[in-house]
Structure formats: C-alpha cells, structure tokens
Amino acid sequence: MGIKKISFIEPSAPGLHIFSKFPIPRLGAVLLSTILGERGYDVKTFIEDLAAPDWSFVESSDIVCISTITSTAIKAYRMGKRLRALNIPVIMGGAHPTFLPDEALDYADFVIRGEGENGLLELLEQMDKGIPHLEDIKGLSYRNRKGKNVHNPARDFLEDLDTLPTPDFSLVHNWTPSNTYPVATSRGCPYECRFCSVIGMFGRKYRCKSVESTLSELKHAVSVSKAVKFIVDDNFAANETRTKQILRAMITEKIRTRWSAQVRTEVGRDPELLRLMADSGCDTLFIGLESINPRTLKEYNKKQDLQDIISCIREVRDHGIHIHGMFVLGAETDDVKTIRETVDFAQRLDIDTIQIMILTPLPGTPLFEQMMKTGRLLHTDWSQYDVQHVVYKPRLMSPATLQIETLKAMGRFYSWKYVFRHLAKFDFHYTAVGLFGKRAVDRSLKAFSTCMDGASSPSFSCEEVH
Ligand code: B12
Ligand code: SF4
C-alpha cells in the first residue's frame, strides 16, 4: 500500500483535572512514533492536551494511530469514525482498547492490545505488502472479511526494555522544552491493587531498563529540557537496589535536574533511599496513599497499613521532598466520615498537594469485573471514567453524596487558607496550584449546586443532588 506518512494522536482529557495546568504526554504515542521515525516513516505526534492537531497533516496521512485510555475513548472513537470516513485506516492502542477491543473495532480498523512496539511494526509491514497475513500478528484484533471480530493470541511482554529507543519529543507537535518531561525506566508492578489496570497492561513482573540505559535517557532529557523530569514508572522504587544505583550515579555523574516519581509508601522505610533521592534532585514524590481507612486498604489489596502511610509521610518530609498524596475514595467500606477525615488527615500531616480520586471501575481491573457482574455500574459514558465522577453505586452512600462530598473535601484542602499560607512563604508554585485547585473545585461545586451538571449527569438526577 506504500505507507509513508503516519500520524499519532493522543486525544485530550475530557475535562479539567489536577494536572491540566501541566500537561504531560503518555509515552506510548511518542515512543511508537520514534520507532516509526527510525524506520523511515514520515511521522508526527499530536498530543491534544498540548496543542490542537494539524488536521491537514493528519488527514493527508496514509495511516492514523490513536492512543487512548478510558476517559479519552469517546474522543478517540469520534476521531476514528471521522478519519475512516475519509478512507484513512485507523489503528488504536492503549489501556482502553486493549481491554475492550470489540468496542474499539467499531471505530478502528485494527486494535493492538497491550504493548504496541512489535505488533505495530509487524502490522505496518503486512499492510505494506498489500495482502496482509493478520492471523500471525500477536496481540492484534481486527474484523475479518465475514465481519467477525478476530482477537489473535496475546503477545508476551517485552523482555529487554533497553532495546527501546529514547523517545524523540521533537516529533511532538508544538512541544516546548518547558513542558514537564516524562521518562520511563521500568514497566509493570509486583502488586495487584483491585482498581489498577497496570497489571493487565504491563504485568506483575517488574521489568527495568538497565542503570546505564536509564542514565543515558536521563542525560538526554537534561540536555534537551530544563523542566522537571517526571518518572512515569508506576513504582520507581520497586527494586530499591537498582533505584539506589541510578540515584548514586546521577549524583556522581552530576546529572543535575529536578525530578519527580511515583512510589509506594515502602520508600519511607529506607532512609538511605530517601537521602539519595533528595541529593539527586527529587522535588516531589507522588505516593499512592489511597486510604486512611484500614478496612478499605485491605479491600483494595493495597498491602500497606495506616502506620506505613503516616511514617512514610513523615520520613519523606524530613528529607525535604514534597509529597503529592493520592487518595482513592468510595470503597465498600467508605462513608461520608471517611471522606471528611481524609482531608483532616492530609492537613494534619501537612501534605503539600493531594488528589482525591473517586474509585472508578476501569476496564481491565478486578473491580470492573465485580461491578459489571453485580450490575452496579451506573453507565458506560467513558468520558466520566476520569476518577472525578461517580460511575457506580457505592455501598454506604448515594452516588450524589460521594460526588459532592469529594468535591467539598477537595475544596476544604485547596482553600484560601492554603493559598495564603503558601503566598506568605513566597512559594508561588504552590500558591498557583492552590488557586488552580480552588477555582476548579468551586466551578464543579457551583455546577452541582445549580444542578447544571447534575441535570446532564448520567450518574444521578437533580433531585438526588439537592
Ligand atoms: C503519566 C500518566 C499520567 C499523566 C499524563 C497523562 C496523559 N497524558 O494521559 C497524568 C499524571 C497527567 C495522568 C492523568 C490521568 N491518568 Co494516568 N497514567 C500515567 C502513567 C503513570 C504512565 C503513562 C505512560 O507514559 N506509560 C508508559 C507508556 C509506554 O505506556 P502507554 O502510553 O500505555 O503505551 C503503550 C501501550 O499502551 C501501547 N499503546 C499506547 N497507545 C497506542 C497506540 C497505538 C496505535 C498502538 C498500536 C499501541 C499503543 O503501546 C505503548 C508501548 O508499549 C499510566 C500508567 C502506565 N503504566 O501506563 C497512568 C494511566 C494511563 N492513567 C490512568 C488514569 C486513570 C488517569 C486519569 C484519568 C486519572 C488520574 N490518575 O489523574 C488522568 C487522565 C488524563 C487524561 N489524559 O485524560 C490509568 C488509565 C486507565 C484507563 N483504562 O483509563 C493508568 C493506566 C493508570 C492506572 N493505574 O490504571 N496520567
Ligand atoms: S496501584 Fe500502584 S502499587 Fe497498586 S498495582 Fe497499580 S501500580 Fe502497582
């Protein structure tokens, strides 16, 4: 078919979220574009949260690849439909189509489930030949000539992450060096929390880039960007020995940059690790605190207790590292009191920023299976599966109560008090974060109190809001 020009699109988030002010691309589209670029394709990456796509480039492409998670699926499908109407073949991948390929095949010619690196290259090779042998491509889903959806067997996870190229952000439309810069050093997570879709996507085996390869990627990142480097690994410290080797090398090789990463509370048990983190430029740790309710921590299968959470917060702060505390509320064992106590707790322990997410059954998780089986999903308007909307029937509260109480809780945290406290310290970053958070929460609360949003919410009616 003579494929030359390829567009990659990551559709934008359906609404404002806590990171909207600092948009970060997921690495999938950038990495796959880099691989295709190295193979000689004329490829461009459009991250809609950064800038609107150049539709003249997209619509003159031989193929369009779309990367989507659940909350962006509806936008992805709209794009897919429009591009296919122009006779442009569409390939989809990412966490949502991986778990619901039948749905995605209504809007795409092909879905590549799981990790896309090898499957995409094999598919393009077959399409180029004109008479594709699709059945041999592991992880591929497609519709055959009889109109039946075919799902080829899953592909094994990539074994050697060092074979991956360094993502080339120059392919990203409107990328500027001031954008937060994502870096990946590992895939997978040895834990198995009930609400998390990472295990289905990347597996429980913790696969790592070598220390050398990680350092070379960090050096490249530092050479092209002065911005904070965000290590997108789900658990940057799952193998503490390796993490320490990376950090020590950053210090001795003078790789100077501010960086942030996602970790679990275990980091709090290792002062040497925290010291190395602080000395190598760690600005903020994004920590999955999840809940202050011990029964909920058990239900989530989080394998951490309240004491782990408290001592982790204290240890991390003592090392001068900021904390972004991530909580997930709305479990079977959570009630209104839990929500209110979560904010009291965050304030008492002086957490720098928090994100209160509403428990969301995402496709590919044990939670989704349970909610589907028991008929507790309120709807499947995927744009609301953004952890800011209640999409299932909680056990101890009504959906409207969980929604409003969560917003109020965020509002209590990102309050004028928060803003002025940081302003008084001339800490303009957190002052801005506070203002942004406050404005976003006020806007959502107003929408609920006037029932504008409630009226259009598929989750509950106006009467339930009042
Ligand atoms: C960085 C990150 C963010 C950043 C940037 C987000 C962004 N631009 O979307 C921030 C912090 C802002 C964020 C926000 C959110 N995130 Co987030 N995030 C991540 C994280 C940690 C890393 C993403 C990444 O770079 N991964 C590494 C790359 C290589 O993986 P990848 O992009 O998935 O690509 C691979 C495959 O999916 C596939 N592939 C992907 N696209 C395509 C396309 C084609 C054509 C093909 C063939 C293959 C393919 O091949 C790639 C290479 O193997 C992931 C967890 C994870 N491990 O992925 C969660 C994750 C993607 N986030 C998630 C969620 C829920 C959210 C939020 C809704 C809530 C929140 N946490 O605040 C918001 C929504 C934002 C939005 N865009 O709407 C979920 C998504 C699950 C789902 N089914 O929806 C994940 C999986 C985390 C989880 N625990 O479940 N997130
Ligand atoms: S929530 Fe974090 S610790 Fe739990 S399985 Fe997902 S990535 Fe691992």
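Start by selecting G116 together with ligand 1: a backbone N or O atom of G116 sits 3.0 Å from an oxygen atom of ligand 1, which makes it a polar contact (a pair of N or O atoms within 3.5 Å; within protein, one must be able to donate a hydrogen and the other to accept it, and residues adjacent in sequence count only if both atoms are side-chain atoms). Keep in mind that this is a predicted model, where local features need pLDDT of at least 70, side-chain atom pairs count only at pLDDT 80 or more, and totals for chains, interfaces and linings use all residues. Residues are numbered from 1 along each chain as written, chains are lettered from A and ligands numbered from 1 in the order written, and side-chain values use heavy atoms, with hydrogens and water left out.

Is G116 buried or exposed? Its relative accessible area is 14%, so G116 counts as buried (under 20%, with exposed over 50% and partly exposed in between; 1.4 Å probe, protein chains only). G116 is in the loop between β5 (110-112) and α6 (117-129); helices (H or I, at least four residues) and strands (E, at least two) are DSSP runs numbered from the N terminus.

Next, pick E117: one of its polar side-chain atoms is 2.9 Å from an oxygen atom of ligand 1. Then try R187, with a side-chain N or O atom 3.4 Å from an oxygen atom of ligand 1.

Last stop: ligand 2. Select C189, E192, R264 and K302, which are among the residues that surround ligand 2 (near means a heavy atom within 4 Å).
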